[in-house]
Amino acid sequence: MVSAAAKAKAAAKKAATAAKHASAAKKAGSQEQPSLPPAPGPPTALPTAVQLVFKPNLTARQRAILHEVAEQHGIPHSSSGEGDARRIRVGSTDAASVEVPDGTAIDVSDELICELLAVHLKLDAADAFAPRSKPAPNGSSGPLAENGREVRMQFAERGAAAKPGGKQLSLEAFVAQTLPLLELEKDAEVAQAQEAVSQCKPETAQAKGRALLNLRCTDAEGGLLGRTLLTLASNKGAGTVPVSLPPHKFSPHDVVDLKPNKASPSDPAIVGGVVYRVKEEVIIIAVEEAPDDGLDQPLRLEKLANEVTYKRLKETLQTLARGVHQEGPAGALVDVMFGRSPPRFLNNAPPWTPFNTGLDESQRRAVSRALAAKDVALIHGPPGTGKTTAVVEVILQEARRGSKVLATAASNIAVDNLVERLALANPKLSVVRMGHPARLLPQVLSNSLEAHVFQSDNSSLARDCRKEIKAANAKILKLGRKDYAERRALRSELRALVKEERQRQERAVTEVLTRADVICSTLTGVMARHLQPIKFDLVVIDEAAQALEVACWSALLKAPRAVLAGDHLQLPPTVISDEAMRKGLGQTLFERLQRLYGDSISEMLTVQYRMNQGIMQWSSDELYAGRLTAHASVAQHCLADLPDTTGSEGLEVLALIDTAGCDMEEKKEEEGGSTYNEGEAQVVIAHVQALIQAGIRPLDIGVITPYSAQVGVLRELRTDLLAQVEISTVDGFQGREKEAIVISMVRSNSTGEVGFLSDNRRMNVAVTRARRHCALVCDTETVSKDPFLGRLVQYFTDHGAYLSADAFTA
Ligand SMILES: Nc1ncnc2c1ncn2[C@@H]1O[C@H](COP(=O)(O)OP(=O)(O)OP(=O)(O)O)[C@@H](O)[C@H]1O
C-alpha cells in the first residue's frame, strides 16, 4: 500500500531533486549564479519565489505542522486574522502570493499541502505530515479523531497505486487546481461576450465574430417539437441573390439574442433562442415562441455567454471534492483514474460476435479490451482509423449483454454521429438522445427524448389533460360575474388537471429513460435533472481528447466502468482564457490516462480508411511512430480515379506551392489581431480553380487555414464557380474529410515567426482531412525556420510536386 504521505514524500523528493539539479546546472553554466543551500538548511530567512497563502480551512494540526516545517527550513511564516479572515502565509513577504483555493467543499488534505510546499517552495514536508494515527484496518479512509473534531482524510490510504507511467495527479490537487481555472475560463467567456456585444460598437462585435448585423428574417416555420425556427439571412442580397454571411463564431447550440439592428447594447431582445443550423448564407435559430412583431425590420444576432455550463462543471468538482462519489457507482473508477489502485481487466475477454463483420484486427482488439475492462479502457484512434466505428461496436456488444450505456461526447455533432450510427447498426436498440431539439441533426430527431416521450401512453394521457385544461379555461371565460360557485369548481378542476398533466409528463420521461438501452448526451448535458436517478453500467466518451477533464467527470461519476476514445494528437479542447490554458485547464483526461497507464489500458487503431498512403505517411511517421497503415481500399486512391477528371496533370497526391520570394507578405488585422495574406489567398484560389477545371467537384474540395482572418479573405475571393468549396479554419474541419484539401499557411515574414502553426496537433488535423490530394501553400523560407514545419515542407518536397506561386499569378 502506498500512503498519501509516502506519495507526497516521493513528489517532494522529486521536486527537491529537480531543484537541486536545476541549481547545479545553473552553477555549471554560470559561476556567478549561487545555488540555494540544500534543505533542511540553517534557520535563516531564505528568499522564496512565491508566498503560499492558506485560508482558514486547515485543521489545527495542519497549521501547527506548517509553522514547524517553515521554521525548520528558515522560511518566513506568519499567521494573521481571525475566523474567515484567518490566513497563514509561508514564504517571503515580497514574493508573488499564491492563494491556496478554499471553498467549503474542499478539505485541504495533507497530500495537497505537501505538494504545494514541494512545487512552490521546494520543501520536503512529507515526514512532518506523516499520519500519526493508523488508517482504518480495511485500508479505506476512516474518519480520524483529532483535536476534538473529526477530520476526513479523504482517499488518503486507499488501495495500492498501480505502477504509474507518468506524473500522477491527486484528486485533491485536480479539484484544487481546476476550480480557479474554471472561474478564469468563465470570466474570460463572459468578458469576451460582453466586450463583443455591449462594450464595443456592433461593427466591432461583428468583426470579432460574436454578432451578425443587418439580417432579415426570411422564414419562420413551426415544427421542431413545438419550437419555431427563424431563418436569418444577410440583408445585403435584398432577397434577390443569396449572399454569404461574414465570417463569424456562431455554431449550433450557442445561446443567442435577436435584436433590432439599431438597438443599443442595453436594449432588450425581440426574442432569445438557440442556434439550430449554420449555413454559408443563413443562420437558423430555434425559439420557444415566435414573437408577435419586430421581425419585419433589419435585425442583429448576438452571441451570449453560457454560464450554465460552468455552474454544472463546478457542481461536478464539488461532488468529487466532497467524496460523495465513494458511495456512488464510480467509487473504484475514481481511484483508478487518480492512480490509487491499478486498472483491472478480466483474464479472458468475454466471447463476442461482431455486429460489424468488417472490423479490422486492431479494431477487434480495441473492442475486446473495452469489453474486458473492469474499470477503464482507452481506444486511441488516429485520423480515419474508425474510432467511432469501434466505439459503436462496443456499445452494441454491451447492450447485447444487458448493460445500460451512457454514450457521450463533448460536441453535439459527435453525439449525433453516434446516435445515427447506433440506430443504423441495430434498429431494435432503444437509443435516446438527450438535449434541446435545436441542437440535434434532423436525422436523429426521432431518437430525441421528446420524440420518445411523445409516443408514450403517459404522454398521450398528458395531452388529453391539456385538452381538458383548454376546455375548462374556455368555460371559465364564458362564465358570468356572479357564477362564483361554478368558477370555484372549475378552478379546482383546473388545478387537478395541471397537476396530473405534469405528473404524467414526468412519468413518461422516467419510463423512456428507464427502458432505454443507450442514452446519448453531450458531456454537459448529462447533468440534466431527469438523468440524475438513472443508473448506468458503462459510460462511453467519444472524442475524449477534445473534452475538458472536468466535463468528463460529469459523465464518469454515473457508472463503474468507462471507455474513452480519442486522439490526443489532434486538436485539444478550446479554452478561451490563455491563463487557464497555461495552467492546465486544456489538459485532457484521455492524455493524462495515456501518460499514467499507457498501453496497459489503451489499444491503438492502426489501419486508416481515408488517406492515400502518401498523405498518411507524414502524419504516421511524425506523430504515431510509423504505426499507421493505409487500408488497401484507399492506399493508392487519387484524384485522377474520380469520375469526370481529365487526365492526371496537376492532380498529384501531394503538392507544395511555394510563395517564398514572391512578395506575398502576411498582414495583421487592425481589430482582432488575426493574420492574413492576400497574395497567398489568390494563389490558393487559383489552385482550387485548376482542380475544378481538371474535373474535381467543388463539393469535394476544402480549403483550410489556421487563421480566421484568412478565412474571410479567401471567402471574399470566391467566385460563383467556387461557391460549394468549403473554406474554414482547422478547428472547423476536425473530424471531417474532403477528397482534396488545400492548406493556406499564411505566415510570411522576415523573422521566421510562425505562431500557433507550430502546434503539431493543428497541422496533423489539417493534413489528415485529405483523402486523395493535399496541397500546402506556404512561404517555405518562413515556415521552415520551425523544425517541425521544416520537416513537413521537406516531406512534401521529397514526395510531391513542387511549384512556385509565380506560376499561378503569371
Ligand atoms: N473496418 C473498416 N472497414 C472499412 N471501412 C471502415 C472500417 N472502419 C472504419 N471505416 C470507415 O472509415 C471512415 C472513418 O471511420 P470513423 O468515422 O469511425 O473514424 P474516426 O476515427 O472516428 O474518424 P475521425 O478521424 O474523423 O475522428 C468511415 O467512412 C468508416 O466507414
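Contact here means heavy atoms within 4.5 Å. The legends below describe a predicted model, in which local features need pLDDT of at least 70, side-chain atom pairs count only at pLDDT 80 or more, and totals for chains, interfaces and linings use all residues. Residues are numbered from 1 along each chain as its sequence is written, and side-chain values use heavy atoms, with hydrogens and water left out.

**View 1. L556 and its partners in the largest nonpolar core.** Leaving aside neighbours within four places in sequence, L556 is in contact with A330, L333, M337, V539, I541, A562, L564 and L589. L556 belongs to the largest nonpolar core, a group of 86 residues, and is listed with F54, V376, L564 and L593 as having the most contacts inside it. A nonpolar core is a set of buried Ala, Val, Leu, Ile, Met, Phe, Trp, Tyr and Cys residues joined through side-chain atoms within 4.5 Å. Buried means under 20% relative accessible area, exposed over 50%, and partly exposed in between (1.4 Å probe, protein chains only). Helix 5 (residues 171-197) supplies the largest share of this core, eight residues. Helices (H or I, at least four residues) and strands (E, at least two) are DSSP runs, numbered from the N terminus. Apart from this core lies another, of 41 residues, including L654, F733, V754 and Y795. As background, nonpolar side chains tend to be buried together in soluble globular proteins.

**View 2. The whole chain, for orientation.** The chain has 26 helices and 29 strands. Of its 810 residues, 52% count as buried. Among contacts with a separation of 6 or more, 75% are between residues 24 or more positions apart. The accessible surface of the chain comes to about 36,300 Å², and carbon and sulfur atoms hold 51% of that. Accessible areas come from the Shrake-Rupley method with a 1.4 Å probe; for residues, only the protein chains shown count as cover.

**View 3. The shell around the ligand.** Look here for the 15 residues that surround the ligand, the closest being G358, G384, K387, T388 and T389. A backbone N or O atom of K387 lies 2.9 Å from an oxygen atom of the ligand. For T388, a polar side-chain atom is 2.8 Å from a ligand oxygen atom. In the side chain of R610, an N or O atom is 3.2 Å from an oxygen atom of the ligand. Taken alone, the ligand exposes 640 Å², and the protein buries 73% of that. Helix 10 (residues 387-400) gives the most to the shell, with three residues. By class, the shell has three nonpolar, eight polar and four charged residues. In this count, Ala, Val, Leu, Ile, Met, Phe, Trp, Tyr, Cys and Pro are nonpolar, Asp, Glu, Lys and Arg are charged, and the others, Gly among them, are polar.

**View 4. D254 and its polar contact with K303.** You will find D254 in the loop between strand 8 (228-234) and strand 9 (255-260). D254 is buried, with a relative accessible area of 10%. Its side chain makes a polar contact with the side chain of K303 (3.2 Å). A polar contact is a pair of N or O atoms within 3.5 Å; within protein, one must be able to donate a hydrogen and the other to accept it, and residues adjacent in sequence count only if both atoms are side-chain atoms. Not counting residues up to four places away in sequence, D254 touches K249, G273, V274, V275 and K303. The C-alpha atoms of D254 and N306 are separated by 7.8 Å, although these residues are 52 apart along the chain.

**View 5. E739 beside R771.** E739 sits in strand 27 (residues 738-744) and counts as buried at 13% relative accessibility. The side chains of E739 and R771 make a polar contact (3.2 Å). Beyond four places in sequence, E739 touches L639, L642, D700, R771, R772 and H773.

**View 6. L717 in helix 21.** Helix 21 (residues 708-717) contains L717, which counts as partly exposed at 30% relative accessibility. Not counting residues up to four places away in sequence, L717 touches A681, Q682 and I685. L717 and I685 are 32 residues apart in sequence and 7.3 Å apart in space, C-alpha to C-alpha.

View 7. A625 has a positive phi of about 50 degrees although it is not a glycine. A625 lies in the loop between helix 18 (613-623) and strand 21 (629-630) and is exposed, with a relative accessible area of 68%. Phi of D644, also a residue other than glycine, is positive and near 75 degrees. D644 is in the loop between helix 19 (632-635) and strand 22 (654-658), and counts as exposed at 68% relative accessibility.

Technical notes
A residue is near a molecule or strand if one of its heavy atoms lies within 4 Å of it.
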